Amino acid sequence: MTATPTRTERGTHRAQRERVAALHAELTGNGLVTWTAGNVSERVPGEDLFVIKGSGVRYDGLTWEGITVCDLDGTAVDGVKKPSSDTDAHAYVYRHMPEVGGQVHTHSPYATAWAARAEPIPCVLTAMADEFGGPIPVGPFALIGDDSIGRGIVGTLRGSRSPAVLMQNHGVFTIGPSAEAAVKAAVMTEDVARTVHLSRQLGEPLPIAQADVDSLYARYQNVYGQ
């Protein structure tokens with residue numbers, strides 16, 4: 001029988017761990033997760049490390065101590081909590097997409113319903129054109145426990161404008177330049193998944209011309225906001 005490795009808490013990167021712990025409230029507040037499922041991670045700037053929620057840790061009362069520091073191979077280097085079962089997937093993405101600074105995984109119900117059908121969410125809303133620059137794609141089926149999910153995420157999103165992928169029969173994974181940006185993408189994914197589903201109950205949604213999608217995306221990414 002393999003002994004459980006001893007974990008230590010040195011309190012490194014505490015401010016970032018506190019911030020990432022607090023971001024998990026956006027997942028529960030927006031109905032994106034249930035019980036202990038789902039997670040937020042963020043790359044540590046300037047270091048080959050990232051922080052991620054501990055495996056099976058409850059959202060209620062989540063503090064910095066529930067966030068574990070890992071290296072880019074997915075090995076825990078600080079914290080007493082065993083890192084998320086999705087750690088290898090997150091690590092693979094960070095290793096192969098250096099522009100990614102944050103990631104989120106959810107099983108949000110409407111978006112996961114699309115994932116269960118292995119069906120991309122078509123870009124039929126201006127809000128989708130703004131945030132995703134086109135449809136939300138579907139990634140391959142992959143089992144949890146190694147970097148297979150990470151490989152599917154990278155293979156699907158590399159070269160795509162979408163910050164979100166629906167992993168077949170699984171759920172939503174989002175990326176962004178920060179953890180907050182990835183959380184925003186996860187919230188938006190569920191919102192548009194619900195709206196497009198409701199639209200399809202009334203009939204077939206009308207597509208947006210590609211030129212208009214491109215224009216909307218450029219405006220939102222480069223002009224919108226302060």
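The largest pocket is lined by 21 residues, and Pro163, Ile175, Gly176, Pro177 and Gln221 lie nearest its centre. A pocket here is an open set of points on a 1 Å grid over the protein atoms alone, where a 1.4 Å probe fits, with protein on both sides within 12 Å along at least five of seven lines; lining residues have an atom within 4 Å of a point. The model is predicted: local features need pLDDT of at least 70 and side-chain atom pairs count only at pLDDT 80 or more, while totals for chains, interfaces and linings use all residues. Residues are numbered from 1 along each chain as its sequence is written, and side-chain values use heavy atoms, with hydrogens and water left out.

## Pockets

Strand S8 (171-176), H6 and helix H7 (210-222) each supply at least two residues of the lining of the largest pocket. Helices (H or I, at least four residues) and strands (E, at least two) are DSSP runs, numbered from the N terminus. In the second largest pocket, 15 residues form the lining, and Ala37, Gly38, Asn39, Ser85 and Asp86 lie nearest its centre.

A volume is the space filled by probe spheres set on the grid points, which are joined across faces, edges and corners. For the classes, Ala, Val, Leu, Ile, Met, Phe, Trp, Tyr, Cys and Pro count as nonpolar, Asp, Glu, Lys and Arg as charged, and the others, Gly among them, as polar.

| Pocket | Volume | Classes of lining residues |
|---|---|---|
| Largest pocket | about 430 Å³ | eleven nonpolar, five polar, five charged |
| Second largest pocket | about 150 Å³ | two nonpolar, eleven polar, two charged |

Helix H6 (residues 179-202) has 24 residues, which at 1.5 Å a residue should span 34 Å; its end C-alpha atoms are 36 Å apart, which agrees. The expected span is 1.5 Å times one less than the number of residues. The buried residues of H6 include Ala179, Ala182, Val183, Ala186 and Glu190. Buried means under 20% relative accessible area, exposed over 50% and partly exposed in between, with a 1.4 Å probe and protein chains only. After H6 comes Gly203, with a positive phi near 150°.

In helix H5 (residues 148-157), the buried residues are Ile149, Gly150, Gly152, Ile153, Val154 and Leu157. These buried residues pack against helix H2 (87-96), S7 and S8. Gly159 follows H5 and has a positive phi, near 90°.

Ala89 is placed in helix H2 and counts as buried, at 3% relative accessibility. Leaving aside neighbours within four places in sequence, Ala89 is in contact (heavy atoms within 4.5 Å) with Gln103, Asp146, Ile149 and Gly150. Ala89 and Gly145 are 56 residues apart in sequence, and their C-alpha atoms are 8.4 Å apart in space.

Most residues other than glycine have a negative phi. Ala118 is not a glycine, yet its phi is positive, about 55°. Ala118 lies in the loop between helix H3 (109-116) and helix H4 (126-132), and is partly exposed with a relative accessible area of 33%.

Pro120 lies in the loop between H3 and H4 as well, and counts as partly exposed at 38% relative accessibility. Apart from neighbours within four places in sequence, Pro120 is in contact with Trp114, Ile136, Pro137 and Val138.

Asn169 is in the loop between strand S7 (164-167) and S8, and at 45% relative accessibility it counts as partly exposed.

Gly171 is found in strand S8 and is buried, with a relative accessible area of 0%. Beyond its neighbours within four places in sequence, Gly171 is in contact with Thr106, His107, Thr112, Ala115, Val165 and Leu166. The C-alpha atoms of Gly171 and Gly134 are separated by 19 Å, and these residues are 37 apart along the chain.

## Cysteines

The structure holds zero disulfides, a disulfide being a pair of cysteine sulfur atoms within 2.5 Å. Cys70 is buried, with a relative accessible area of 0%. Cys123 counts as buried at 12% relative accessibility.
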